[in-house]
Amino acid sequence: MSVGTELYRKTLLTVAGNKAVENLSLKYGKKLAGKFIAGNTLEEALEEIRVLNSKGIMATLDHLGEGITHLREAALYRDEYVRLVEGIAHSGVDSNVSLKPTQMGLALDPEEGYQNIRAVAARAKEHELFVRIDMEDSPFTQATIDIVRRLHAEGLDNSGTVLQAYLHRTEEDTRDMIREGVRLRLVKGAYKEPASVAYQNTSEVIHQFKTMIRHHLDQGVYTAVASHDDHIINWTKQYAKDRDISPEAFEFQMLYGLRMSEQERLAQEGYRIRCYVPYGTMWYPYYTRRLAEKPANLWMVVKNMFR
């Protein structure tokens, strides 16, 4: 990522946070956001996952929503996630589950938020499904890690979380989570964070990302590398090959709507590849983070406007 690309990312995230821009996007952008969203309903998303599975691509299913303002919303999301778990189990698709802690009420009432998450994880364990507790921006990092630790302590070890390479704290968190047996998704990070908590230099983020991956592979810990960056993907493949690490020991993860042909190619090459499949109507925050990741995503949307 160049300096110009990083400036683009920060600028777009700032502009997207403007209420007028948000209102305009909500009015006119839904059709364009559909590029990254599998549908409004669970049924639509499950059908998309069936198509992905037919191409050798696994999935993780996410019901969009974050930053709620009332606990009754959290209860509704909890119930939808229980339905989501049942939908995966009964449909037989190859998918696990992803959810956001603030969607479940973490920022409003941490204990109630935890109980909502626990209800989903418990139902998922009944069906032998894995639940990924997504990582949001830095004010929630420690609370999210604590949630996963508590779930494991209560026997719900079918849960894991995400660590973001751009945070200063991540190298230590990686070592702790490996030692505690917590399964992780490793990412660069997609939120706008201050220099006090996050690296601002791209080369430092890449170095941290590779360090996280190396720690996992060297210790035989199953590794989920979430990236669309060819450099990271090729580096991981070569690192594993050089150390005779089986392709079964790790997986690549990418987002629905991005580099789908590359996802198919990785599957055809014998690599494990998982697609992050979101659905629902609360798409704006997710959509703007996808556009902010790189100018090519915005250019793709602009081209689609004129088709």
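Student: Is Glu262 buried or exposed, and what is its relative accessible area?

Tutor: This is a predicted model, in which local features need pLDDT of at least 70, side-chain atom pairs count only at pLDDT 80 or more, and totals for chains, interfaces and linings use all residues. Residues are numbered from 1 along each chain as its sequence is written, and side-chain values use heavy atoms, with hydrogens and water left out. Buried means under 20% relative accessible area, exposed over 50%, and partly exposed in between (1.4 Å probe, protein chains only). Glu262 is therefore buried, with a relative accessible area of 9%.

Student: Which residues of helix H11 are buried, and where on the helix do they lie?

Tutor: Helices (H or I, at least four residues) and strands (E, at least two) are DSSP runs, numbered from the N terminus. In H11, residues 260–268, the buried residues are Glu262, Gln263, Leu266 and Ala267. Viewed down the axis, they fall within an arc of 140° (taken from the directions from the helix axis to the C-beta atoms), so they line one face of the helix.

Student: Which elements do the buried residues of H11 pack against?

Tutor: Contact here means heavy atoms within 4.5 Å. The other side of H11 has Ser261 and Gln268 exposed. The buried residues pack against helix H10 (230–242), strand S7 (250–255) and strand S8 (272–279).

Student: With which residue does the side chain of Glu262 meet in a salt bridge?

Tutor: A salt bridge is a side-chain nitrogen of Lys or Arg within 4 Å of a carboxyl oxygen of Asp or Glu. The N to O distance is 2.8 Å, and the partner is Arg265.

Student: How many residues apart in sequence are the parts that Asp157 and Lys125 tie together?

Tutor: The side chains of Asp157 and Lys125 meet in a salt bridge of 3.2 Å, N to O. Asp157 lies in the loop between helix H7 (141–153) and strand S4 (159–164), while Lys125 belongs to helix H6 (residues 110–126). The pair therefore ties together parts whose separation in sequence is 32 residues.

Student: How many salt bridges does a search of the whole structure find?

Tutor: Another of them joins Asp146 and Arg149, at 3.9 Å, N to O. Both of these residues lie in helix H7, three residues apart. For the whole structure, the search finds 25.
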